[in-house]
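I began with the chain as a whole and then went on to a helix pair and a loop.

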Amino acid sequence: MGTVDSSPNCPRCHAPRAPGPECPRCGVIYAKADARAARDAVAKEPAAPAPAAVLAPEEPPLIDPAWLVRPGELRSDVLPEATPDVNADAEDAAWELKLHTWVIPIVLVVSYLLTAGSLGFIVRLFTMPLHELGHAVTGWLCGYVSVPTLWVTYNFGRSYFLAALAAGGLGFWCWWARKHQRWGQVAAAGGLLFTQLIGTLFLSEPTALMLITFNGDGGMMMMGAALMATMYARPGSYVHEHGLRWGFVVIGGTSFMDGLLTWWRARRDFAEIPFGQMEGVGLSDPSHLVDEYGWTEAGLIRRYLTVGVMCLVFLAVLYAVKLVQGRRRLRQATEPNGQVKPA
């Protein structure tokens, strides 16, 4: 607390105090000057420190004594649960194995139900492009300039120049596949190249035209089986990574079943053979083969069913091989270091 200046001098001009209430020299009133001096003195005094807050003692953390040991001495009963690592290879292998097990059988069953039922004529609308492509591909392999449309394929005769271009393309495909060690593609390209050379150089024109006519339904079944086989496309390939195999397997399944079911029915009833005249096109394929090339109805049916059964055998063998490979891949992905335990 400050004190009032009680010196004998004036607080303002420091002249000797007079007996009156104010200084005769500067005119200040002594009482007011003393009060002001007292306030200034109080303001200049340092503030008293605030009393220190009383802090409660900290509680020690709750620590299991079992953890207060060196890392190598932790007890097994207090170790944290290990988080299992995600095995992406094993998950992919298991998923592919499920697809390889179920997709093609389901596609074949559903395709049969659609084709055999009342929607068969609608299915035929979607399988006809593959039927016409069967004519065209056979024409190309025989050196013909074949142009497929939705309902008819036009043949403009042989062109050895275009045949040479096609052979060059197949040869390049075979070379590229061999360079990248795609042995399945090497076999496919080599087989097509050999077939194209035989069909172009050694088949007569009547025989070539007969094969082109036959391979409407025949080619549709073969290409349908090939499209279904894309379900087993190599992981990382374009068809696999971009999901094209899903569309291919559906198109292939319906096309294959459409052709096979037509001739399976015809084996018991010749009336099921699609003889007749197609508006704007001419004779149907079976009519051409029977009327112009002298095939019998029984021979016609037998040849188409032979193609269908061979396609089924191909799919069955491929199915079994891929199941075995898929199971082996799953075992390798789940075993440590990729080693398969001996049986």
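**Contacts along the chain.** I first looked up how far apart in sequence the contacting residues lie, and found that, of the contacts between residues at least 6 apart in sequence, 56% join residues at least 24 apart. I keep in mind throughout that this is a predicted model.

**Overall composition.** I counted 11 helices and four strands in the protein chain. I then checked burial, and 33% of the 343 residues count as buried. For the surface, I noted that the chain exposes about 22200 Å², of which carbon and sulfur atoms supply 64%.

**The pair H2 and H11.** I turned next to helix H2, which covers residues 88-116, and helix H11, which covers residues 297-334; their axes are 8 Å apart and the two pack at an angle of about 160°. Roughly antiparallel applies to angles over 145 degrees, and H2 and H11 are therefore roughly antiparallel to each other. I recorded the handedness of their crossing as left-handed.

I then listed the residues that meet in this pair: from H2 they include Asp89, Glu96, Leu97 and His100, and from H11 they include Tyr319, Lys322, Arg327 and Leu330. Sorted by type, the residues of the contact of H2 with H11 divide into nine nonpolar, four polar and six charged.

**The loop between H7 and H8.** Is methionine 231 buried or exposed? I placed methionine 231 in the loop that runs between helix H7 (217-229) and helix H8 (238-241), and I found its relative accessibility to be 0%, so methionine 231 counts as buried.

I then asked which residues methionine 231 touches, not counting those up to four places away in sequence. My list for methionine 231 reads Leu99, His100, Val103, Arg245, Trp246 and Val249. For one of these I also noted a distance: the C-alpha atoms of methionine 231 and valine 249 are separated by 6.5 Å, with the two residues 18 apart along the chain.

I went on to threonine 230, which also has its place in the loop between H7 and H8. Its relative accessible area is 17%, and since the cut-off for buried is under 20%, threonine 230 is buried. With neighbours within four places in sequence left aside, I found threonine 230 in contact with Val239, Arg245, Phe248 and Val249.

**Cross-check.** Comparing my entries, I see that Arg245 and Val249 are among the contacts of methionine 231 and also among those of threonine 230. I also see that His100 belongs to the H2 side of the contact with H11 and is touched by methionine 231.

Note on methods. Residues numbered from 1 in each chain as written. Predicted model: local features only at pLDDT ≥ 70, side-chain atom pairs only at ≥ 80, totals over all residues. Heavy atoms only, no water. Buried < 20%, exposed > 50% of the residue type's maximum accessible area, 1.4 Å probe, protein only. Contact = heavy atoms within 4.5 Å. Areas by Shrake-Rupley, 256 points an atom, 1.4 Å probe, with all protein chains shown as cover. Axes fitted to C-alpha atoms, helices over the stretch in contact; angles between N-to-C directions. Parallel < 35°, antiparallel > 145°, perpendicular 65-115°, else oblique. Left-handed = near helix turned anticlockwise from the far one by under 90°. Nonpolar A, V, L, I, M, F, W, Y, C, P; charged D, E, K, R; others polar.
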